[in-house]
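Here is a colleague's note to read alongside the sequence and the model.

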Amino acid sequence: GSVDRFHNQYNSPRVPPNREREKYLRSRMKRAAVVLDRERRAAVEAGIRQTCITRRWRLWAVNARTNHVHVVVTALCDPERVLNSLKARATREMRKRGCWKDKKTPWSRHGSKQKLWTEQDIVDAVDYVLNDQGDPLD
């Protein structure tokens with residue numbers, strides 16, 4: 001299954017596979033899907049960690065997967081700014097390591113942003129990011 005805007009809460013049921021929906025979404029893609037291999041995932045995670053250090057944001061968890069990245073971070077600024085900063089630094093790190101040569105960004109526009117209001121929200125989000133993403137990747 002997968003997650004969509006209606007199934008995007010911790011522990012909510014996943015969307016069952018749907019070939020027609022997949023076909024429709026693929027038809028809207030402007031280019032081939034980006035795959036984050038081991039080298040790219042390492043670069044992305046390093047870029048995210050460096051951004052959080054530089055900006056003095058609290059990084060709780062990061063998990064780069066083959067087709068998306070999950071991050072739990074505390075920052076006293078607009079979530080869109082956080083997301084854009086993380087994407088930009090991750091891209092720079094991939095380029096620096098030579099594993100992203102395209103002039104265009106590897107990222108889709110925007111991204112999911114959840115505000116976490118309580119300590120339990122953070123605990124749940126960290127658990128989801130670290131332990132509920134399927135088998136570990138090497």
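**Notes on the predicted model**

1. Arg58 is placed over the face of Trp60, at 3.8 Å from the ring centre. Please bear in mind, here and below, that this is a predicted model.

2. The next point concerns the strands. Strand S1 (residues 58-64) and strand S2 (residues 69-74) run antiparallel and are joined by six bridges, and the two form a hairpin with four residues between them. Within this pairing, Asn63 has His70 as its bridge partner in S2, while Ala61 stands opposite Val72. Five of the seven residues of S1 are buried, so this strand is largely enclosed by the rest of the structure.

3. Which residues have the most contacts inside the largest nonpolar core? That core has 17 residues, and the ones with the most contacts inside it are Leu36, Val44, Ile48, Leu86, Met94 and Trp107. Helix H2 (38-55), S1 and helix H3 (79-96) are the elements that give two or more residues to this core. Ile48 touches Leu59, Val62, Val69, Val71 and Leu86, when residues up to four places away in sequence are not counted. Another core, of seven residues, lies apart from the largest one and has Val72, Ile122, Ala125 and Val126 among its members.

4. Arg41 has its place in helix H2 and counts as buried because its relative accessible area is 9%, which is under the 20% limit. Leaving aside neighbours within four places in sequence, Arg41 is in contact with Leu36, Ala64, Arg65, Thr66, Leu137 and Asp138. Thr91 lies in helix H3 and is likewise buried, with a relative accessible area of 5%. With the neighbours within four places in sequence again left aside, the contacts of Thr91 are with Trp100, Thr105, Pro106 and Trp107.

5. The cysteines may matter to anyone planning to read this model for disulfides, and the count of these comes to zero. Cys99 is in no disulfide either, since its nearest cysteine sulfur, that of Cys52, is 19 Å away, against the limit of 2.5 Å. Is Cys99 buried or exposed? Cys99 is buried, with a relative accessible area of 8%, whereas Cys77 counts as partly exposed at 22% relative accessibility.

6. A last point concerns a loop residue. Val35 lies in the loop between helix H1 (19-28) and H2, and, leaving aside neighbours within four places in sequence, Val35 is in contact with Arg40 and Thr66. Thr66 is also among the contacts listed for Arg41.

Definitions and conventions. Residues numbered from 1 in each chain as written. Predicted model: local features only at pLDDT ≥ 70, side-chain atom pairs only at ≥ 80, totals over all residues. Heavy atoms only, no water. Lys NZ or Arg CZ within 6 Å of the ring centre and 35° of its normal. Pairing = 2+ DSSP bridges. Buried < 20%, exposed > 50% of the residue type's maximum accessible area, 1.4 Å probe, protein only. Core = buried A, V, L, I, M, F, W, Y, C linked by side-chain atoms within 4.5 Å. Contact = heavy atoms within 4.5 Å.
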